[in-house]
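Visitor: I would like to learn how to read a few features of a protein model, one at a time. Could you guide me through them?

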Amino acid sequence: MSAHVCDSLLYGHLWSTPELHELLDDEGRISAWLDILRALALAQADAGIIPAEAAQQIAEHARAEWIDLPELAAETRASGHSTLGLIRCLRHRLPASAREWVYYGATVQDLSDTWHALVARQVMAITDRQLAALVDSCADLARRHRDTVMCGRTHGQPGQPVTFGFKAAVWASELARHRTRLAEAADRVQVVQLGGALGTMEFWGDRAERLLAGFAERLGLGVPDMAWLTARDRVAEFLNLLALVTATLAKIGQEVYTLQRPEIGELSEPWEPGQVGSITMPHKRNPELSEHLVTLARVVRSNAALGVEGMVHEHERDGRAWKTEWLLVPEACMLTGAALALARRLLSGLEVHPERMLDNVQERGGYLMSEAVMRTLAERLGKHTAHEVVYEAALAGRRGGRGLRAALLDEARIRDVLSPDEIDESLDPGRSVAAAAVFVDRVLSSLSAVPDGTGA
């Protein structure tokens, strides 16, 4: 049975993915911890700290199939220590000659923090892979709708025409920057922890630095300049990367959520027969995908904020802050994975309604073109005077229930300097979005320069 929604048979698909759940559940965690213990033993043998034969015995027995999970749980509860139960279970299965060399000189954070680095590496690789697909989807939308005119909005109100391609290019550009951030953060986040009791590696004497380098090499992780027992900026940075990624996905989701409202009707998220929006209102088609992206991102941002709180550590170890990460990191990883998967479903099946987009521009009586008219007038009256004149004409036109063209022709100061043909040219939405197309092309051409890989 499950108490956490990520583990739920009913709802887990909304909060995690099978790939991430397998990485972060008990079996995945224990398997990774045993990988770390194997690497530690072999690196200690390489450095001449423990006998090579003992290291080989540890490496052969430190495997998940050799560990009984209920026994491990019982040992953990009995000891009241987070990793001693695992050490006891492993020692029980080792020959007597190897038992004393398990976990030799290491401490709980050496294991759990190195596990975090391994998890971060895998999650960052998964995130980068999903982001690459999302960038491609957004770029495809930007390319196909480069010239699809729609209503641009500021403060929730109609502003001036843009193109849907421009909007999608903004998404693609932002998502691509997250890939760059992941690549840049890899060297800081994906590093081992091996410090011993207080981080000085005193237990291993003059062989400590050789051990640290060998341990990191065996795990394929970086070597820190010193132990980071109380320097939790690496964890906080990782969580905030996930928060940034999911915040962008939430922004996209929120946009789709709003633009598919029937009174706007410019987008529709994927929907299949059999989906039910309401058990009381049979007609409902709720925006399940776009809505849930916002929900997931809110929780990840909260996790990231607590991760930053964990940077405030006391002395050389502080379980009050550090153990919070045991909850935050797996949850944030699973929620991010769910958000990325949902966003891919949303964007790959997104329905765009160009006719409705154009209708929403034209139904505004031409008022979305006020800036273009002002720009034309500015060449003859000056920008600020042109603003005042168009403002007065628009105000009078709306009061009288007329479109902008009629209002402009009624204004003598405009008739004196602009012909009806010039006014009509200024009111053409197609002319006003030419600049948007330029920036769509810039984004599309720049996407090939995004660095690939996150250290995995």
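Predicted model: local features only at pLDDT ≥ 70, side-chain atom pairs only at ≥ 80, totals over all residues.

Visitor: What is the phi of His155, and where is His155 found?

Guide: Most residues other than glycine have a negative phi. His155, although not a glycine, has a positive phi of about 55 degrees, and it is found in the loop between strand S1 (149–154) and strand S2 (157–163), strands being DSSP runs of E with at least two residues and helices runs of H or I with at least four, numbered from the N terminus.

Visitor: Is His155 buried or exposed?

Guide: Buried means under 20% relative accessible area, exposed over 50%, and partly exposed in between, with a 1.4 Å probe and protein chains only. His155 counts as exposed because its relative accessibility is 82%.

Visitor: How many disulfides are there?

Guide: A disulfide is a covalent bond between the sulfur atoms of two cysteines. Here a pair of cysteine sulfur atoms must lie within 2.5 Å, and by this rule the count is 0. Cys138 is buried at 0% relative accessibility, and Cys151 is buried at 1%.

Visitor: Which helix holds Asp110?

Guide: Asp110 lies in helix H7 (residues 108–144).

Notes. Residues numbered from 1 in each chain as written. Heavy atoms only, no water.
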